[in-house]
Amino acid sequence: MCVLRCVCVLLCLSVCVCLNLLHEAVMFSGPRGSLFGFSVDFHTVDNKFFVVIGAPKANTSQSGVMQGGGVFLCSWSPGGGACDIINFDLKGDEDYNSSDVLFHTFKSQQWFGASVRSVNSTHLLMKSN
């Protein structure tokens, strides 16, 4: 039993030692007050690496929407990089009719970008809380 514990400890130590850390922190910045960095994930497309960053209180170009939230795509590089907002919806609040019932969507303060997830190299999952 003692030999098994020693082997487990050696395996754990060898895994812990094999970390590839950068010498300097990589920093990205977003709009002030947007909670930029609330959610983060890595994303790869055609061997290019990105960081997907949620900002659930960001203002976007949606007409009449205040703090609807946003998701930013940032190029990964050791010194940081530029971040561009992903324009997922350029419309403001919307009305829908279904079976004589009127539905109105309110997009202000929806916290879009509170969760982000890279599913694979072709899909990103972004949602509100």
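Two strands are said to pair if DSSP finds at least two bridges between them. In this predicted model, strand β5 (residues 94-98) and strand β6 (residues 101-105) are joined by five bridges and run antiparallel. One place to look for this pairing is Ser98, whose bridge partner in β6 is Val101. The hairpin of β5 and β6 has two residues between the strands, and Ser99 takes a positive phi near 55° there.

In soluble globular proteins, nonpolar side chains tend to be buried together. The largest nonpolar core here has eight residues in all: Phe28, Phe36, Val51, Ile53, Ala55, Ala58, Phe72 and Cys74. The elements that give two or more residues to this core are β2 and β3, and the largest share, three residues, comes from β2. Leaving aside its neighbours within four places in sequence, Phe28 is in contact with several residues, including Phe36, Val51, Ile53 and Cys74. Other contacts of Phe28 include Trp76, Gly80 and Cys83.

A disulfide is a covalent bond between the sulfur atoms of two cysteines. The count for this model comes to one disulfide, formed by Cys74 and Cys83, with their sulfur atoms 2.1 Å apart. The link of Cys74 and Cys83 is right-handed, with 110° about the S-S bond. Is Cys74 buried or exposed? Cys74 counts as buried because its relative accessible area is 0%, and buried means under 20%.

Gln62 lies in the loop between β2 (48-55) and β3 (70-75). Gln62 is buried because its relative accessible area is 4%. Which side chain makes a polar contact with the side chain of Gln62? The partner is the side chain of Thr60, at 2.9 Å. With neighbours within four places in sequence left aside, Gln62 is in contact with Phe88, Asp89, Leu90, Lys91, Gly92 and Lys107.

Finally, Ser115 is found in strand β7 (residues 115-120). Its relative accessibility is 26%, so Ser115 counts as partly exposed. How far apart are Ser115 and Asp41 in sequence and in space? Ser115 and Asp41 are 74 residues apart in sequence, and the C-alpha to C-alpha distance between them is 9.3 Å.

Methods. Residues numbered from 1 in each chain as written. Predicted model: local features only at pLDDT ≥ 70, side-chain atom pairs only at ≥ 80, totals over all residues. Heavy atoms only, no water. Helix = DSSP H or I, 4+ residues; strand = E, 2+ residues; numbered from the N terminus. Buried < 20%, exposed > 50% of the residue type's maximum accessible area, 1.4 Å probe, protein only. Polar contact = N/O pair within 3.5 Å; in protein donor to acceptor, adjacent residues only side chain to side chain. Contact = heavy atoms within 4.5 Å. Disulfide = S-S within 2.5 Å. Core = buried A, V, L, I, M, F, W, Y, C linked by side-chain atoms within 4.5 Å.
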